[in-house]
Amino acid sequence: MRNIYLDNNATTQPAPEVLAAMEPFLRDLWGNPSSMHRFGGQVKRHVERAREQVAALVHADPAEIIFTSCGTESDNTAIRGAVEAAMQRMNVVTSRVEHPAVLAPCRYLAEKGCRLHEIAVDAEGQLDMVQLGEALRDGPAVVSLMWANNETGVIFPIPEIAEMVKAAGGVLHTDAVQAVGKVPVDMRKTAVDMLSMSGHKIHAPKGVGALFVRKGTRVHPFLLGGHQEESRRAGTENVPYIIGLGCACEMARLGLEKEQAALAMRRDRLEKGLLATCPDARVNGDRVHRLPNTLNISFEYIEGESILYMLSDVGIAASSGSACTSGSLEPSHVLRAMGVPFTAVHGSVRFSLSRYTTDQDIGATLEHMPGIVRRLREMSPFGRK
Ligand code: PLP
């Protein structure tokens with residue numbers, strides 16, 4: 001059985017080129033980049049080269065890039081660090097559809113006395129800009145809004161949001177973990193103050209990320225204890241993974257245009273095919289402003305998890321909009337915020353493609369899905385066949 005991996009928003013296969021770039025730094029070039037001697041110096045040069053590669057992907061200055069351990073750390077550093085640096089009671093503004101790596105620190109800050117605004121989205125998953133405007137009028141704010149949603153792929157108009165936040169005197173962080181490497185992200189063209197990235201979403205390994213912090217942005221470090229990263233993130237640098245992230249960013253930058261088009265073509269073929277062959281299917285989220293690799297689709301009256309099990313039996317990996325928490329099915333907070341009907345929330349499946357997804361992968365998925373949906377409908381407890 002051939003394995004087909006369509007869960008690239010969860011994590012991606014490390015690129016062979018990335019692994020090859022990392023290897024010397026696991027084996028021979030193991031010096032500490034902070035050391036004054038030759039062992040350190042030769043490694044530091046490569047870390048700085050990786051910083052340039054990461055910066056180039058988002059058109060930033062290398063000095064504006066801080067290496068972190070993951071997207072979650074980048075998000076926490078940005079949000080908690082900006083509130084702490086403000087030295088005054090801040091409003092925290094976010095949306096109802098953020099990743100938990102953003103929602104949890106925002107809610108934590110609310111417990112610590114910040115006023116929290118969680119902005120609603122419409123049925124397409126697009127941000128309520130009127131509500132955002134109202135929240136910004138409520139006082140000085142640290143705003144965290146995602147560039148692209150991990151479940152639906154919906155893209156928020158971050159450049160426009162940045163104008164609004166800047167006009168209101170706020171600080172804007174964007175979680176671009178799902179956006180970088182899939183769509184153009186250009187820090188010269190938007191007034192974003194901070195931006196999070198994660199290596200394992202762009203074919204680098206898990207355990208490395210980056211945070212862009214625009215020059216002049218005040219952010220308190222999250223980790224204290226060393227002078228690494230210009231005292232902005234303490235802890236000895238994870239050199240091999242940083243090298244891997246640099247390589248992955250360079251590959252993403254060089255391949256972006258071509259890959260974007262290929263991803264969209266395959267994703268659209270999958271979407272069209274599923275809508276044509278599976279009755280009572282509906283796409284969740286804005287189909288225009290959307291990542292080229294993501295399809296979130298609901299098959300009404302059946303459980304997404306059951307679809308995933310049956311897909312898994314034939315070697316296809318996808319994921320569901322709902323997470324199974326301690327035996328009870330917890331419906332997706334993103335789809336619920338969009339007002340997706342109950343019967344569709346539970347039947348949602350996310351297919352997310354990568355540069356390694358082939359036409360055969362899409363063809364095989366289209367072959368298996370109608371039978372799976374039909375069989376599950378025949379067993380459906382909701383009574384609809
Ligand atoms: N933000 C978004 C939108 C994500 O999709 C993820 C991971 O799924 C994260 C943050 C967290 O990134 P990491 O797994 O690197 O901590």
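**Close-up 1. The stacked ring pair of Trp30 and Phe39.** With a relative accessibility of 37%, Phe39 counts as partly exposed in this view, which is taken, like the others, from a predicted model. A search of the whole structure turns up 1 aromatic pair. That pair is formed by Trp30 and Phe39, whose ring centres are 5.3 Å apart and whose planes lie at 25 degrees, so the two rings are classed as stacked.

**Close-up 2. Helix α2 crossing helix α8.** The axes of helix α2, which covers residues 38-57, and of α8 come within 8 Å and cross at roughly 35 degrees, and this crossing is left-handed. On the α2 side the contact is made by Val43, His46, Val47, Arg49, Ala50, Gln53, Val54, Ala56 and Leu57, while α8 contributes residues including Val239, Ile242, Ile243, Leu245, Gly246 and Cys247. Further along α8, Cys249, Glu250, Ala252 and Arg253 are also among the residues that meet α2. Sorted by class, the contact of α2 with α8 comprises 13 nonpolar, 3 polar and 3 charged residues.

**Close-up 3. Helix α8 packed against helix α12.** Helix α8, made of residues 239-277, packs against helix α12, made of residues 359-379, at an angle of about 15 degrees, and their axes are 10 Å apart. An angle under 35 degrees is counted as roughly parallel, and α8 and α12 are therefore roughly parallel to each other. The crossing in which α8 passes α12 is right-handed. From α8, the residues Arg266, Arg269, Leu270, Gly273, Leu274 and Thr277 take part, and they meet Asp359, Ile362, Gly363, Thr365, Leu366, Met369 and Pro370 of α12. The residues of this contact divide into 6 nonpolar, 4 polar and 3 charged.

**Close-up 4. Thr277 and Cys249 in helix α8.** Thr277 lies in α8 and is one of the residues through which this helix meets α12, whereas Cys249 of α8 is one of those in contact with α2. The two residues are 28 residues apart in sequence, and their C-alpha atoms are 37 Å apart in space. Thr277 has a relative accessibility of 42%, so it counts as partly exposed.

**Close-up 5. Ser231 and its positive phi.** Most residues other than glycine have a negative phi.

**Close-up 6. Tyr301, helix α9 and Gly315.** Tyr301 is found in the loop between β10, residues 294-299, and α9. Although Tyr301 is not a glycine, its phi is positive, at about 70 degrees, and its relative accessible area of 16% means that Tyr301 is buried. Helix α9 itself comprises residues 304-313, and its buried residues are Gly304, Glu305, Ile307, Leu308, Met310 and Leu311. Just after this helix comes Gly315, which takes a positive phi of about 85 degrees.

Definitions and conventions: Residues are numbered from 1 along each chain as its sequence is written. This is a predicted model: local features need pLDDT of at least 70, side-chain atom pairs count only at pLDDT 80 or more; totals for chains, interfaces and linings use all residues. Side-chain values use heavy atoms; hydrogens and water are left out. Axes are lines fitted to C-alpha atoms, for helices over the stretch in contact, and angles run from 0 to 180 degrees between N-to-C directions. Helices (H or I, at least four residues) and strands (E, at least two) are DSSP runs, numbered from the N terminus. Angles under 35 degrees count as roughly parallel, over 145 as roughly antiparallel, 65 to 115 as roughly perpendicular and the rest as oblique. A crossing is left-handed if the near helix is turned anticlockwise from the far one by less than a right angle, and right-handed if clockwise. Contact means heavy atoms within 4.5 Å. Ala, Val, Leu, Ile, Met, Phe, Trp, Tyr, Cys and Pro count as nonpolar, Asp, Glu, Lys and Arg as charged, and the others, Gly among them, as polar. Rings of Phe, Tyr and Trp (its six-membered ring) pair if their centres lie within 6.5 Å; planes under 30 degrees apart count as stacked, over 60 as edge-to-face and the rest as tilted. Buried means under 20% relative accessible area, exposed over 50%, partly exposed in between (1.4 Å probe, protein chains only).
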